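Dear colleague,

I am passing on the structure below, together with a written account of what was found in it. Please read the text with the structure open beside you.

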Amino acid sequence: MTKRPKLPCPKCDGTGKIPLPEPLLETLTFVRAAKNGGVTASEAHAGLYPESIMGITAFNNRLEELRSIGLVERTRCGKTWKYSAK
Ligand SMILES: [Zn+2]
């Protein structure tokens, strides 16, 4: 049986990497612009989408996702976490 031909991956053009999705990119950009040693999820929410029905939890998830891929780190800030760019 002949080998089935393969196509370059349409997601990464064969590089094995895809661009950071837009919601994560805008969150990372916000974290990188932070002046006072990082941002909390509620600060990211207030800074990016204060009028949106999208809640603080959504930003928590975005920040944790950025942390899981090693782009931000977090430190304790009272009852919450402060995220800063690595
Ligand atoms: Zn791919």
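In this predicted model, helix α1, which covers residues 22-33, and helix α3, which covers residues 56-68, have axes that come within 10 Å and cross at roughly 85 degrees. An angle from 65 to 115 degrees counts as roughly perpendicular, and α1 and α3 are therefore roughly perpendicular to each other. On the α1 side the residues that take part are Pro23, Leu24, Thr27 and Leu28, and they meet Phe59, Arg62, Leu63, Glu65 and Leu66 of α3. Sorted by class, this contact of α1 with α3 contains six nonpolar residues, one polar residue and two charged residues.

Helix α3 also packs with helix α2, which is formed by residues 41-48; the angle here is about 110 degrees, and the axes are 8 Å apart. That angle makes α2 roughly perpendicular to α3, and the crossing in which α2 passes α3 is right-handed. The residues of α2 that meet α3 are Ala41, Ser42, Ala44 and His45, while Ile56, Phe59, Asn60 and Leu63 are their counterparts in α3. By class, the contact of α2 with α3 has five nonpolar and three polar residues, and no charged residues. If you compare the lists, you will find Phe59 and Leu63 of α3 in the contact with α1 and again in the contact with α2.

The remaining pairing among these helices is that of α1 with α2, which pack at an angle of about 105 degrees with their axes 11 Å apart. As a result of that angle, α1 is roughly perpendicular to α2. Glu26, Thr27 and Phe30 of α1 make this contact with Ala44, Gly47 and Leu48 of α2, and the residues involved divide into three nonpolar, two polar and one charged.

Within α2, the residues Ala41, Glu43, Ala44 and His45 are buried. What covers these buried residues of α2 includes α1 and α3, and also the strand β2.

Turning to the strands, β1 (residues 72-77) and β2 (residues 80-85) pair in the antiparallel sense, and the pairing runs over six bridges. One of the positions to look at is Glu73, whose bridge partner in β2 is Ser84. The hairpin of β1 and β2 has two residues between the strands, and in this hairpin Gly78 takes a positive phi near 65 degrees.

A positive phi is also found at Asp13, where the value is about 55 degrees although this residue is not a glycine. As background, most residues other than glycine have a negative phi. Asp13 lies in the segment before α1, and, with 10 other C-beta atoms within 10 Å, Asp13 is exposed.

The segment before α1 is also the place of Met1. Met1 counts as exposed because 3 C-beta neighbours lie inside 10 Å, and the cut-off for exposed is 12 or fewer. Between Met1 and Ala41 there are 54 Å in space, taken from C-alpha to C-alpha, and the two are 40 residues apart in sequence. Ala41, at the other end of that distance, is one of the buried residues of α2.

Terms used:
Residues are numbered from 1 along each chain as its sequence is written. This is a predicted model: local features need pLDDT of at least 70, side-chain atom pairs count only at pLDDT 80 or more; totals for chains, interfaces and linings use all residues. Axes are lines fitted to C-alpha atoms, for helices over the stretch in contact, and angles run from 0 to 180 degrees between N-to-C directions. Helices (H or I, at least four residues) and strands (E, at least two) are DSSP runs, numbered from the N terminus. Angles under 35 degrees count as roughly parallel, over 145 as roughly antiparallel, 65 to 115 as roughly perpendicular and the rest as oblique. Two residues are in contact if their C-beta atoms, placed from the backbone, lie within 7 Å. Ala, Val, Leu, Ile, Met, Phe, Trp, Tyr, Cys and Pro count as nonpolar, Asp, Glu, Lys and Arg as charged, and the others, Gly among them, as polar. Two strands pair if DSSP finds at least two bridges between them. A crossing is left-handed if the near helix is turned anticlockwise from the far one by less than a right angle, and right-handed if clockwise. A residue is buried if 20 or more other C-beta atoms lie within 10 Å of its own, exposed if 12 or fewer, and partly exposed in between; C-beta atoms are placed from the backbone.
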